[in-house]
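Subject: A structure for you to look at

Hi there,

Here is the structure I promised to pass on to you. Have a look at it in your viewer first, and then read my notes below.

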Amino acid sequence: MALTEKRNVSSKLNPKRPKIDIESIVEGILGSRKRANDVFDILESLRSAKEKDVISAASACSKLFSTLLERKDLFIGKLPDEDEALNGDYSAEEKYHIFMRHRYNSCVEMLLEYLHHEVHEVKESVLSCLMKFAAAEGQHPLEDMDWSEHYSFPRQLIQLVVDNILSKTTDNSLLISKFQEYLEMEDVRYYVMSSIRVNVSAVMEKNKEVLLHVYQNNVFTLMSSINMPSQESELTNFMVKQEAKLEDWKATKLSDHKRGFEKMWLGFLKYKLPVSMYKKVLVILHDAVLPHMIKPTLMIDFLTAAYDVGGAISLLALNGLFVLIHQHNLDYPDFYRKLYNLLEPSVFHAKYRARFFHLVNLFLSSSHLPVYLVAAFAKRLARLALTAPPTALLIVLPFIYNLIRRHPSCRVLIHKPTAEDEALEDPYVMDEEDPVHCCALESSLWEIKTLQKHYHPDVAKAAMLINTPLPVQEDDISEVLEITTHELMERDLKSETKSVPLEFETATELLRGGDVIKQHFSLV
């Protein structure tokens, strides 16, 4: 049978068209080249309006073209134009290869379009088919590989898949969770990171200073789905098995993975982000991003900018800054001043309150901090405690006690003798942003004395500890960092109630001589 140049593959269903057996068509095409034109029937089914037909056709395409790739029945190299090939000086076998290669390209184009389908099952089936094509192309390349550094990996197809997954209008979180299975393979992960960087650069350069919420959320979801290996010996799972020496392939080197990972994140974070995206990034940055970078200090600009934003974003930026300061010797002159100003009433109600106080405790754990600085933090916390909820007070009071234990010079805040005729005015300046000039050492912790009459018994009991010498052993605040109001109420309600005696002798009769009264009324 002569090869047909084109056939109308309509996107509309023909109601009179009988149902075809796709499996038998695939077997027929693979069994005889004379039935090559039947491939149009499969492509036409792929254009069906019914989801089941599309999924069935995608499965058929996967089987058909994967087999043709293995047989090397697709044209290899620069693909000539179809009209030129059919009318040109090519052998029958070459014309067949060119014809099927064009049909393969058409199939890939349609499958990529279906990654934007509204039904998730269709997108998942199509993604599986495309990744099978990628694996087959890796083993049987369709292009002459000029770049030895990339070996025979199908970079172009992976780039197209990533470009379509990162939709600007549709949330593809579910599809990305499916794609995550393929990211466990080392070579796929390496080239996906490169593809993300290319895509982000192309999209964001066209939309500078514009927030693309859906797109940026898709990019973040995909990037955060990448699990980086910690050792080079873990790089063992590859989609494409290379025949050449693997030592020269970048996908086999952990350092190149880290470099690609670093470029990907830096390329994403250099553009303007929505506030909600800032929070998502900062939550995972310290343990899922920084440890896998070649130079974590390249995140300094992003973290310091986030730290200057204020509010919850500043609280979350503390984690990343902590890693850079303690592990990479970051010098941040105004760090403690900004940390001091983060102590506001809203911090007691923030979602990340536990993480914040955990980090503040670490930052103030050094015994080499100046006394005025520690005293400023203790005094500011004490002042904020006057209006804080009980759950926060159970954190703040032990926190202040620990600061005093670490820095005995701060005991002056507890024992502040005053003359009888001295004016009772607190010299502490709450509105002062610089802890150097807030006059904390000239003040006292009278707020804790006030809290001894707090309505909650646990708070009052904790405040009473300041009346006695503090023990040397620090309080473990980790036990109360996560406590909630509900848990506090449940604990109070479940506490055992002691029976309180109301009388020395229990009354057995309400009125004595009840019979006499009855007799009296009967006589009347």
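The buried residues of helix α16 are Arg353, Ala354, Phe356, Phe357, Leu359, Val360, Asn361 and Phe363. That is eight of the 11 residues in α16, which spans 353-363, so this helix is mostly covered, because "buried" means under 20% relative accessible area (over 50% is exposed, in between is partly exposed; 1.4 Å probe, protein chains only). The cover over these buried residues includes α14 (311-327), α15 (335-341), α17 (371-385) and α18. Helices here are DSSP runs of H or I with at least four residues, strands are runs of E with at least two, and both are numbered from the N terminus.

Before you go on, please note that this is a predicted model, in which local features need pLDDT of at least 70, side-chain atom pairs count only at pLDDT 80 or more, and totals for chains, interfaces and linings use all residues. Residues are numbered from 1 along each chain as its sequence is written, and side-chain values use heavy atoms, with hydrogens and water left out.

Next, the helix pairs. Two packed helices are described by the angle between their axes and the distance between the axes. The axes are lines fitted to C-alpha atoms, for helices over the stretch in contact, and the angles run from 0 to 180 degrees between N-to-C directions.

Helix α6 (residues 120-139) and helix α7 (residues 155-165) have axes that come within 10 Å and cross at roughly 160°. The crossing of α6 past α7 is left-handed, a term for when the near helix is turned anticlockwise from the far one by less than a right angle (clockwise is right-handed). On the α6 side the contact (heavy atoms within 4.5 Å) is made by Leu127, Leu130, Met131, Phe133, Ala134 and Glu137, and on the α7 side by Leu157, Ile158, Val161 and Ile165. Sorted by class, this contact has nine nonpolar, no polar and one charged residues. Nonpolar covers Ala, Val, Leu, Ile, Met, Phe, Trp, Tyr, Cys and Pro, charged covers Asp, Glu, Lys and Arg, and the others, Gly among them, are polar.

Helix α2 (residues 39-46) packs with α3 at an angle of about 145°, with the axes 8 Å apart. The crossing of α2 past α3 is left-handed. The α2 residues Val39, Ile42, Leu43, Ser45 and Leu46 meet α3 residues that include Val54, Ala57, Cys61 and Phe65. The contact of α2 with α3 divides into 11 nonpolar, one polar and one charged.

Now some single residues. Which non-glycine residue has a positive phi of about 60°? Lysine 72 does, in the loop between α3 (51-71) and α4 (82-87), and lysine 72 is partly exposed at 47% relative accessibility. Cysteine 439 is not a glycine and has a positive phi of about 65°; cysteine 439 is found in the loop between α18 (390-406) and α19 (446-451) and is partly exposed, at 27%.

Threonine 170 sits in the loop between α7 and α8 (173-179). Leaving out residues up to four places away in sequence, threonine 170 touches Lys123, Val214 and Asn218.

Happy exploring!
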